[in-house]
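Reader: Hey, I've just opened this one and I'm new to it. Can you walk me through it?

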Amino acid sequence: MKLKAIKLDKQNIFLLLLILMVVAGKIIPFRDDYNRYFNLSGFIDWGIAAIFLLYGLKLNIKEIIKDISNWKLHLLVQSGTFILFPLLVFLFYGFVKDTSYYVTWLSIFFLACLPSTVSSSVVMVSIAKGNVTSAIFNASISGIIGIVMTPLLMSFFVHPDQGNINNSEIILQLLLKVMLPIILGLLLNPILKNLVIKYSKIIAEFDKMIILLIVYESFSEAFSQHVFASVSPIVFIIIALSIITLFFSVYEILKFISKKLHFKREDVITATFCGSKKSLVHGSLFVMVLGIAEDQKVLFLLPVMMYHSFQLFYVSWLANRIEKKSQLA
């Protein structure tokens, strides 16, 4: 029990650090002239590439191949992540497309297009005594699918003629910062895998550091350009209500389908936990490489950060509750 408490405490500390980065962006924003001493954007770019290199190094190909036979579970989780999520948000497109709330809707749609998170999905499934092997498979494969699906889904609504995005630039950024490092990581996997496992805790902290720096840089830019002056309290309320509704809708639909497919208890846990998660890592990185306008980056990060916080707090509580029920049973 003590070990679980430590894991949850670390997640809570990370959430507090995220808030601290937002505050730092307001009090001591990073200015262009600071690049003479430290090139923050350049460091983040290399950090993004390093994260995906390490992602490729961490992939356990043998475990993934072994778990492919549980295809119904995998299909349900990935359908929830890349079909159900975007579809539920798309239902409201007709109501907002010609209104001032369109960018708010698009930021929530961006959240819906993201892949599932890796570490917290596996940790929560493990606590709830779910199918951990399938959780690892789905969390890993989701990130790879997301490299294609997230830009593809977003391309239907963000077009080059809007001045927000450049297709050739996006492809180049994805190749250099995402695909190339992952492929390199997979190639180096047999040689460096043991080293990555040995220093996995340090690597996890590096991932978090890059996310924190991305949040700090984005919010520094937003506060410097007075982006939040145009964000009304009602927009925050809309985002908060939207992400909570979205989470419970996806969670309950996946739970219903899992039971209709007669999944085992462990597989139901994995389907609902992995299929209802969204990755802050990928959200932070895709904001940087999808060509989103500078003055809109914070608005796109906001739903991702809020959803990440909510899913961690709620699913942590839920995982422990399910574990206690299974012990009683």
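Predicted model: local features only at pLDDT ≥ 70, side-chain atom pairs only at ≥ 80, totals over all residues.

Reader: OK, how many helices and strands does the chain have?
Author: There are 14 helices and zero strands. Going along the sequence, the pattern reads α-α-α-α-α-α-α-α-α-α-α-α-α-α.

Reader: Which residues touch the most other members in the largest nonpolar core?
Author: Those are Leu18, Phe110, Met154 and Phe273, in a core of 88 residues. Helix H14, residues 297-328, gives the largest share of this core, with 14 residues.

Reader: What does Leu18 touch, leaving out residues up to four places away in sequence?
Author: Leu18 has contacts with Ile211, Leu212, Val215, Leu280, Met305 and His308.

Reader: What about contacts across the chain: what share joins residues at least 24 apart?
Author: Counting contacts between residues at least 6 apart in sequence, 87% join residues at least 24 apart.

Reader: Got a pair I can look at, say Glu205 and Phe14? How far apart are they in sequence and in space?
Author: They sit 191 residues apart in sequence and 9.8 Å apart in space, going C-alpha to C-alpha. Glu205 belongs to helix H10, residues 200-224.

Reader: Why does Glu205 count as partly exposed?
Author: Its relative accessible area is 43%.

Reader: Switching topic: which residues make the nonpolar surface patch?
Author: Leu16, Ile19, Val23, Ile27 and Ile28 make a patch of about 510 Å². Val23, one of these residues, lies in helix H1, residues 2-27. With 37% relative accessibility, Val23 is partly exposed.

Reader: And Gln78, is that one buried or exposed?
Author: Gln78 is buried, because its relative accessible area is 12% and the cut-off for buried is under 20%. Gln78 is part of helix H4, residues 71-90.

Reader: Which residues does Gln78 touch, again skipping those up to four places away?
Author: Gln78 touches Ile83, Asn138, Ile141, Ser142 and Ile145.

Reader: How many disulfides turn up in the whole structure?
Author: The search finds zero disulfides. As for cysteines you can look up, Cys113 is buried at 0% relative accessible area, and Cys274 is buried at 1% relative accessibility.

Reader: Where is Lys129 found?
Author: Lys129 is in the loop between helix H7 (119-127) and helix H8 (132-155). Lys129 is partly exposed, at 41% relative accessibility.

Reader: And what's the phi of His262?
Author: His262 has a positive phi of about 60 degrees, although it is not a glycine. Look for His262 in the loop between helix H11 (233-260) and helix H12 (265-275).

Reader: Is His262 buried or exposed?
Author: His262 counts as exposed, because its relative accessibility is 70% and exposed means over 50%.

Definitions and conventions: Residues numbered from 1 in each chain as written. Heavy atoms only, no water. Helix = DSSP H or I, 4+ residues; strand = E, 2+ residues; numbered from the N terminus. Buried < 20%, exposed > 50% of the residue type's maximum accessible area, 1.4 Å probe, protein only. Contact = heavy atoms within 4.5 Å. Patch = residues over 30% accessible without salt bridge, like charges linked within 9 Å, V, L, I, M, F, W, Y side chains within 5 Å. Areas by Shrake-Rupley, 256 points an atom, 1.4 Å probe, with all protein chains shown as cover. Salt bridge = Lys/Arg side-chain N within 4 Å of Asp/Glu carboxyl O. Core = buried A, V, L, I, M, F, W, Y, C linked by side-chain atoms within 4.5 Å. Disulfide = S-S within 2.5 Å.
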